[in-house]
Amino acid sequence: MAKPHVLMLPFPAQGHVTPLMELSHRLVDHGFEVTFVNSEVYHARVLSALPPPAGGAAALGGIRLASIPDGLANDDDRKDLSKLVDSCYRHMPGHLERLVAELEAAGRPKVTWLVGDLNLGVCYEAAKNLGIKVASFWPESAACLAIMLNVPKLIEEGLFNDQGWAERDEAFQLVPGTPPLHTSLMPWMDKVGKPVGEPAVFEAITRFNEFYNLADVVICNTFHDAEAAALKLFSTNMLPIGPLFADQELQKPVGHFLPEDERCIKWLDAQPDWSVVYVAFGSLAVFDPCQFVELGEGLELTGRPFLWVVRPDFTAGLSMAWLDEFQKRVASTGIIVSWCSQQQVLAHRAVACFVSHCGWNSTTEGVRNGVPFLCWPYFFDQFLNRSYITNVWRTGLELSPSADGIVTKEELRSKVEQVLGDREIKKRARLLMDAARRCIGESGSSYKNFTTLVNLLGK
């Protein structure tokens, strides 16, 4: 009997690929055939970032990697989110239909389910037309999804105009127990309240209800104890199955776009327990040179060991002479890498706190390992996640910029000392970690929901 064949489709961005790749490994472990569909550009980057043997297909443990075009030219800027979203929405549904036909022509088992990112919900109708059922995957928090689905109502109530700009200057809360959020810090905005990727991103969000209603089931990378209030806003059609992870040993590749620096864990092994400040800002945040220097000198001022992830495109125009001199000064206490296995780092006994942009993957990975946060959001849902961390769970502190918008070295040093010296924050972080592990453990709510999903996808 042929294995049930599931197609996984993330929006083309690192933070969307990672959780769906983690879910793919889990489904393969439960006997599914999984074809993972990236855009062509990111498919190539995932392959090139895999460790040897070249191509790394064996390391993916049964996941078949495939790709479709995103409609952009190779040299187009994929950080221009308006251009990327517009192109994906116009081109990807047709390319997905062609891929399904090619898979069947090649003798692969018939695709029975699409597990598709809601951010690419425009592809759901194409799947339905082919007789493929849809599991809508939401890679962010349930509270974020609730806000997105309430956008038409928020526009009607006059909080926002139909381009996503705030019309009123106020904080609001969906329901008690969800994070309070200011109208200038919504999940489609940057840190100055401007909608990101105008106009395509907000136009896509206004269609989320249409996409959501096409799905046969909705799955979310969250867990009950973290978002009990937000999850009450959804019907039984919503299955929280998080926090997701690929395997207990955290060894399986999860679709990174950059190669992991293998020095990280060896370096952490040499550090004392609960001593290291881990600093990472995800795959999209960009710092200007002035802020980059303040961050580096702030880490130096703490006098503590630090592991700092600096992507090749993290800052532009930085003085290489300054960076060389800085690295010499901190060589005995700090290490700078271009990318790492964040799940492994956060699970390490040496990590004491996480200076984070508060992307949802980073947030759930920190929570799952009981690591306190210092919050430094950049855009989108990161402000909402900061509000969870600082206002609801109270497992971290906010880093506050000065009047000129710069988070100073003194602010960083002060907040590192504050968060590491606060026993109550540590205690709450550990309690939330215990709750997360209960949820994904046998008989936990996320475990049961994952079992329900497996049974659904296997039909």
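**Rings, a sheet and a helix**

Author: The structure holds 26 aromatic pairs. This is a predicted model, in which local features need pLDDT of at least 70, side-chain atom pairs count only at pLDDT 80 or more, and totals for chains, interfaces and linings use all residues. Residues are numbered from 1 along each chain as its sequence is written, and side-chain values use heavy atoms, with hydrogens and water left out.

Reader: Why is the pair of Tyr212 and Phe234 called tilted?

Author: Rings of Phe, Tyr and Trp (its six-membered ring) pair if their centres lie within 6.5 Å; planes under 30 degrees apart are stacked, over 60 edge-to-face, and the rest tilted. Tyr212 and Phe234 lie 6.4 Å apart, centre to centre, with 45 degrees between the planes. So they pair, and the pair is tilted.

Reader: What does the pair tie together?

Author: Tyr212 lies in helix H8 (residues 208-214), and Phe234 in the loop between helix H9 (228-231) and strand S9 (238-240). The pair therefore ties together parts that are 22 residues apart in sequence. Helices (H or I, at least four residues) and strands (E, at least two) are DSSP runs, numbered from the N terminus.

Reader: Are Tyr212 and Phe234 buried or exposed?

Author: Both are buried. Buried means under 20% relative accessible area, exposed over 50%, and partly exposed in between (1.4 Å probe, protein chains only).

Reader: What makes Arg368 count as lying over the face of Phe245?

Author: The rule asks for NZ of Lys or CZ of Arg within 6 Å of the ring centre and within 35 degrees of the ring normal. Arg368 is at 4.3 Å from the ring centre of Phe245. Arg26 also lies over the face of Phe245, at 5.3 Å.

Reader: Which strands stand at the edges of the open sheet?

Author: Six strands form that sheet, in the order S12-S11-S10-S13-S14-S15, with parallel pairing. Strand S12 (334-337) and strand S15 (396-398) stand at the edges. Each has a single partner strand, so one side of each lacks a neighbour in the sheet.

Reader: How do you know that S13 and S14 pair?

Author: Two strands pair if DSSP finds at least two bridges between them. Strand S13 (residues 351-356) and strand S14 (residues 373-375) have three bridges, in the parallel sense. So the two strands pair. In S14, Leu374 is the bridge partner of Val355.

Reader: What is the expected span of helix H11?

Author: The expected span is 1.5 Å times one less than the number of residues. Helix H11 (residues 289-302) has 14 residues, and 20 Å is expected. H11 reaches 20 Å from its first C-alpha to its last, close to that value.
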